[in-house]
Amino acid sequence: MELNVQILRQAPDAAPYSQTFRLDISPGATVLDCLNQIKWSQDGTLAFRKNCRNTICGSCGMRINGRAALACQNSVANELKRSLQPQTITIAPLGNLPVVRDLIVDMQPFWQNLDDVNPYVSTAARSLGEGEFRQTPGQRAKLNEMGNCIMCGACYSDCNGKEVNPEFVGPHALAKAYRMLADNRDQATDQRLEEYNSTAGVWGCTRCFNCNTVCPMDVAPLDQISKIKGEILTQAQGLPAPRPIRHRQVLVDLVKRGGWVDERKFGLEVVGNKFRDLRGLLSLLPLGWRMVQRGKFPMSFEKSAGQAQVQGLIESVQSLEKSQAHQGVRSHE
Ligand code: SF4
Ligand code: SF4
Ligand code: FES
C-alpha cells in the first residue's frame, strides 16, 4: 500500500522542519519498519534509536500520530486508524526532552530524575548478614507491575506535570519510587515518604492520566503515584501537614461536613493552617478585604441537601483507602 510518513526533523542547533516520505509498504509493517525503509532506501541521514525490535529495550520511543509510543510495537494499519490525515502517519521526537537530532532526544534529564528518587533497595537491607535475602512469591508479586518498566520515556514525554513544572521527577521515577516502597527488603520507607512528599515528587502530578494511557508495558504510573499519596496522607493524619496535603485534606473534610465547600473556612484552614500560620493568615487579608468590599464574602453557610449521603460516600472511600494503604506498603511480612 502507498503511505506518507511525515517526520519532524531537526539538525543540532537548528529549527525543526517537517519532511514527508512516500513508501510502498504492507499494512502489517511496524512504524519502525517504515523508518528503516526510509533510512535504507531514501535518506541515510534520518536519525532514530532502535535495538530489539520487539518491545523489550525501550529504545524506539517517539511521538506517533500525536502521542508517545514505541515504533516497533505499532503497525501501519493501526496507526492509520488513529491518523487525522488520509494515508499518512506523523512522527515526532519524544516531548519534555531536548532534541539531539531528528527523532533522537537527550535522555539525561530522564535518567537524572530517576536517580532523584533513590531507586535502589536501601543499604540497610544490603548490609544484612551472609546468605540470600529471600522473598516469598507473594512479596515478589507486589513488584511485578512496576518491574515491567522498560524505561522507554513515553510517560515522561506526554506528562503534563513535567511540562509545567521542570522540578517534577516524572511518572517513570515515581513508579520506581513505589516499587521501592513496596519492596519488603527496603528499610527506608519513612525517609522515602518524606522525600516524595513535595511538588517535585507526588504532588507535582496533575492526574492527567496520560502516563497510564501511553505506557506500553501497563506499569500504570498514575496508580503507583496514587498509592504513594495514600500512604503519605495516612501518615499525615493529625499532623500540621504541608500545604498541598492540607489543601486536599481540608477540601475533603469541608465537603464531608457540609456537602460542599464552605469558602469562609477553606482559606483559613489551608493557607492559615487553622491559625498556626500567621504569615499565611496575613497574606489572606487583602483578598478578604476586597471580597468584603465587593459583597463577595459569604457571611453564612448552608449545608447541601445531600450532605448525609456525601458524608457516607466519603467515609466509605476513606476506610477503603486506609485498609489498602496498610495492606500495600506496610505489609512487609
Ligand atoms: S498523571 Fe501525573 S505523572 Fe501521569 S502523565 Fe499526568 S501529570 Fe504526569
Ligand atoms: S512507566 Fe511505562 S511509559 Fe514510562 S518509562 Fe516505564 S515503560 Fe515507558
Ligand atoms: S526497538 Fe526495542 S522497544 Fe522498540
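This is a short tour of a predicted model, from the whole chain down to single residues.

**Ground rules.** Residues count from 1 along each chain as its sequence is written, while chains are lettered from A and ligands numbered from 1 in the order in which they are written. In this predicted model, local features need pLDDT of at least 70, side-chain atom pairs count only at pLDDT 80 or more, and totals for chains, interfaces and linings use all residues; side-chain values use heavy atoms, with hydrogens and water left out.

**Whole chain.** Start with the C-alpha trace. Its principal axes span about 75 × 65 × 40 Å.

Next, show the surface. The accessible area is about 18000 Å², and carbon and sulfur atoms hold 53% of it. Areas come from the Shrake-Rupley method with a 1.4 Å probe; for residues, only the protein chains shown count as cover. Of the 333 residues, 43% are buried. Buried means under 20% relative accessible area, exposed over 50%, and partly exposed in between.

Among contacts with a separation of 6 or more, 63% join residues 24 or more positions apart. A contact means heavy atoms within 4.5 Å.

Select residues 61-64 and 67-70. These are β3 and β4, antiparallel and joined by 4 bridges. Strands pair if DSSP finds at least two bridges between them. Zoom in on I64: R67 of β4 stands opposite. The hairpin has 2 residues between its strands, and N65 there takes a positive phi near 50°.

Which residue of β5 is the bridge partner of I64? Select I91 to see that partner.

**Two loop residues.** Most residues other than glycine have a negative phi. Go to D13, in the loop between β1 (2-9) and β2 (17-24). D13 is not a glycine, yet its phi is positive, about 55°. It is exposed, at 86% relative accessible area.

Move on to F209, in the loop between α10 (189-196) and α11 (210-214). F209 also has a positive phi, about 80°. F209 is partly exposed, at 44%.

**Cysteines.** Finish with C152 and C205. C152 is buried at 7% relative accessible area, and C205 is buried at 16%. The structure holds 0 disulfides, a disulfide being a pair of cysteine sulfur atoms within 2.5 Å.

Methods:
Buried means under 20% relative accessible area, exposed over 50%, partly exposed in between (1.4 Å probe, protein chains only).
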